[in-house]
Amino acid sequence: MKQVVQNYKSGELALLDVPVPGCKPGGVLVRSAYSLISTGTELMKVSEAGMSMVGKARSRPDQVAKVMQSVATNGVPATYRKVMGKLDSYTPLGYSLCGVVEEVGAGVDDVKAGDLVACAGNEHALHAELNWVPKNLYAPVPDGLAPRHAAFGTVGSIALQGVRQGESRLGEVALVIGLGLIGQLVVQLLTASGVRVVGVDPDPVRCELAERLGAAACGDPASAAVEATVAELTGGHGVDQVYLAAGGGSNEPVELAARLCRDRGRVVDIGKCRLDLPWNAYYEKELDVRFSRSYGPGRYDPEYELEGRDYPIGYVRWTERRNLACFLDLLARGSVDVEPLVSHIADFDDAVETYRSLKDGELKAVAVLFRYPEQAGHAAAPVVAVPAVAVPTASRKPSPVRAARTPVRLAFVGAGNYATSMLLPHLARRDGVELATVVTTTALSAANAQRKFGFAGATTDLDAVLGDKSVDAVFVVTRHSSHAELTRRALLAGKSVFVEKPLALTEDELAGVLAAVEESGNDRLQVGFNRRFAPLLQEAKKQFGARTGPASLRYLVNAGRLQHGSWYLRQGTEGSRFAGEGGHFIDTASWLLEADPVSVYAVAASGNEDLQVVLRYPDGSTATISYVTTGAPGFPKETLDVLADGKVLRLDDFVRASVHGPGKWVSSRLPKARDKGQSAQLAAFVKAVRTGGPMPVPLESLVATTAATLAVRAGLAGGAPVTLAGAR
């Protein structure tokens with residue numbers, strides 16, 4: 001299928017061929033009929049992409065701050081790879097469309113194939129021929145409403161949420177500053193609510209349009225006529241509300257709002273304009289400044305948007321989805337008219353040229369629609385949801401995995417940030433490796449990985465990859481909740497498997513993986529515990545030498561706080577942070593102590609995710625892992641000490657290591673980068689696949705580390721040490 005994309009590094013716009021997205025549970029697959037270009041938000045993004053690197057940095061200081069924090073934590077080289085990887089990728093455009101439901105995912109019962117729906121979301125309602133849209137981000141289109149009008153649903157919801165934040169009342173007077181697409185809709189919504197509206201915009205054409213759509217009067221912000229009109233309509237008191245629907249770097253909108261608003265009036269920011277509030281003016285009138293967050297309650301909440309958890313109507317009357325349905329109803333009843341806003345309708349095949357014309361000013365428009373080819377009776381290619389699929393029943397056990405040919409052919413399931421910054425760069429330039437296929441549930445991420453790393457194919461069809469006999473090994477680099485199931489399926493298909501940590505989130509998931517090993521006879525498994533492969537730590541262990549007595553190991557992990565909205569925070573589906581990451585540190589401790597733990601004791605600090613985990617080993621050695629989320633962000637992430645036989649090994653965040661004892665060894669103070677062992681681990685895995693030799697880490701050790709990680713949760717619940725059973 002085709003999708004409009006942009007490279008944020010180069011500014012290139014393209015109409016790209018990408019795989020069809022899978023129809024996952026909890027949503028629907030929608031074939032686009034019309035999608036709307038947001039001439040404000042999208043063109044701002046397009047313009048930013050054309051800036052120099054310095055210009056991009058100036059326009060996004062919030063992202064610069066994140067980069068600096070990453071440099072402090074991960075070092076310059078790793079941060080550079082991560083940032084350049086994100087910049088030099090295709091990103092999607094679009095967030096408002098109307099289309100026909102082509103396939104319905106499990107758990108959806110309010111629409112069926114063939115229904116017309118309006119869709120929202122900058123990850124789901126994209127300028128693409130097909131989109132997967134979760135339940136709370138679509139709404140059925142009322143009978144009789146034209147699809148091109150329903151395509152305005154998302155921007156209409158933005159305007160509607162802004163009006164709700166203003167709490168307008170019948171008979172009040174409002175000022176709308178900025179008469180672009182959102183401003184024009186705000187004017188109509190206020191008018192329909194019995195509010196008299198004055199509009200402000202430097203473009204006389206937009207002012208005239210707003211007056212035709214119901215505004216009492218409109219004019220240039222510098223015009224004295226605007227102030228005179230406000231004075232006449234309000235008896236000199238000033239407007240009751242001001243809606244900032246303007247963009248740009250000027251501070252004039254907020255200054256004008258203060259001048260024309262009444263005492264204790266309300267100022268609502270809907271757009272993205274400069275907000276240097278003149279303190280005296282706002283203080284003296286005690287103005288109430290409010291922000292309108294996009295489409296309404298639920299926005300940026302992954303449990304609402306992705307998992308379909310609705311808010312009770314008794315507590316949250318107007319959510320994203322209810323706003324969308326309400327706006328569609330207003331359109332269907334004629335209370336709002338979007339037809340006069342449509343400046344241009346372009347065929348989807350002309351998308352790149354349309355954006356260029358808008359950016360260059362050749363096409364002046366309030367609203368532009370893309371029209372997609374009609375696909376009556378079209379059947380989409382079969383798609384498979386990942387990971388919620390049934391495991392095929394094997395008629396016989398697969399043969400044990402053979403040594404692979406050269407080059408080793410690899411398939412990736414998942415192409416997120418870790419895969420594209422920490423794994424694929426090492427594999428793409430490795431001799432004897434062929435990147436065969438990348439599988440994702442979103443079309444664009446697969447296309448990006450194919451373009452950047454040279455995969456021979458990209459798809460959303462997992463079954464086709466598992467059934468491809470030419471694929472030697474499968475990398476599972478998806479979200480934590482899918483690891484065990486995907487690993488199980490790949491083992492049953494006879495593939496060697498590299499799965500990122502964690503291997504499993506529950507004891508049942510771990511048992512399922514081991515059952516697949518027993519059923520298939522295939523134990524060719526590696527989990528991404530890379531730190532034991534780090535060259536600096538390996539050299540430090542060598543310098544420490546053999547020990548005769550028990551050791552004491554201390555591992556401090558300054559994990560830091562996660563950004564709001566991170567999927568790591570979804571403990572209900574993705575497990576706790578320690579469940580996802582703790583295996584790294586347990587595996588490292590076990591490798592240094594050359595044994596698997598026999599018991600786990602865990603305690604947690606009250607009110608946060610800080611943990612103390614004590615592992616006991618067969619020879620009396622102990623390892624204490626302090627996993628802390630409340631430490632200083634500038635402090636190193638990982639520091640480790642091992643003490644035994646009068647010797648001490650010290651590791652400082654994979655930057656420096658030392659061994660103190662009868663002699664002293666200190667590593668270089670100026671390493672090239674933090675090397676946490678990803679490259680060496682991948683080399684060992686590829687060699688094992690190619691030669692048929694032993695896997696880099698014995699299966700018993702992988703299982704023991706996973707079991708110990710899972711035991712932390714049980715230990716916290718029970719308040720007592722947990723004894724671990726045998727690894728197998």
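**Helices, strands and contacts**

Visitor: Which residues in H15 are buried?

Guide: Ala419, Ser421, Leu423, Leu424, Pro425, His426 and Leu427 are the buried residues in H15. Buried means under 20% relative accessible area, exposed means over 50%, and partly exposed lies in between (1.4 Å probe, protein chains only). Helices (H or I, at least four residues) and strands (E, at least two) are DSSP runs numbered from the N terminus.

Visitor: What should I know about the model itself before going on?

Guide: The model is predicted: local features need pLDDT of at least 70 and side-chain atom pairs count only at pLDDT 80 or more, whereas totals for chains, interfaces and linings use all residues. Residues are numbered from 1 along each chain as its sequence is written, and side-chain values use heavy atoms, with hydrogens and water left out.

Visitor: Back to H15, then. What does the helix reach from its first C-alpha to its last?

Guide: H15 covers residues 417-428, which is 12 residues, and reaches 16 Å between those two atoms. That is close to the 16 Å expected at 1.5 Å a residue, where the expected span is 1.5 Å times one less than the number of residues.

Visitor: And the whole chain: how many helices and strands?

Guide: The protein chain has 24 helices and 33 strands. Of its 728 residues, 52% are buried. The chain exposes about 30,300 Å², of which carbon and sulfur atoms supply 53%; accessible areas come from the Shrake-Rupley method with a 1.4 Å probe, and for residues only the protein chains shown count as cover.

Visitor: What share of the contacts is between residues 24 or more positions apart?

Guide: Such pairs account for 70% of the contacts in the protein chain with a separation of 6 or more. Contact means heavy atoms within 4.5 Å.

Visitor: Next, strands. Why is E28 described as largely enclosed?

Guide: Five of the seven residues of E28 (residues 622-628) are buried, so the strand is largely enclosed by the rest of the structure.

Visitor: Which strands are joined to E28?

Guide: E25 (residues 552-558) runs parallel to E28 and is joined to it by seven bridges, with Leu553 partnering Ala623. E27 (residues 611-616) runs antiparallel to E28, with six bridges, and Leu611 stands opposite Tyr627. Two strands count as paired if DSSP finds at least two bridges between them. The hairpin of E27 and E28 has five residues between the strands, and Gly620 takes a positive phi near 95° there.

Visitor: Another topic: what is the strand order of the open sheet of six strands?

Guide: The order is E11-E10-E9-E12-E14-E16, with parallel pairing. E11 (217-219) and E16 (288-291) stand at the edges with a single partner strand each, so one side of each has no neighbour in the sheet. Neighbouring strands are turned by 20° against each other on average, direction ignored; the axes are lines fitted to C-alpha atoms, for helices over the stretch in contact, and angles run from 0 to 180 degrees between N-to-C directions. E10 (residues 196-200) and E11 run parallel with three bridges, and Val200 stands opposite Gly219.

Visitor: What about side chains? Is Arg31 buried or exposed?

Guide: Arg31, in strand E3 (residues 27-37), counts as buried at 11% relative accessibility. Its side chain makes a polar contact of 2.9 Å with the side chain of Glu102. A polar contact is a pair of N or O atoms within 3.5 Å; within protein, one must be able to donate a hydrogen and the other to accept it, and residues adjacent in sequence count only if both atoms are side-chain atoms. Arg31 and Glu102 are 71 residues apart along the chain, with C-alpha atoms separated by 6.3 Å.

Visitor: Lastly, which residue does the side chain of Asn323 contact?

Guide: The side chain of Asn323 makes a polar contact with that of Arg164 at 2.8 Å. Asn323 lies in helix H13 and is buried, with a relative accessible area of 0%.
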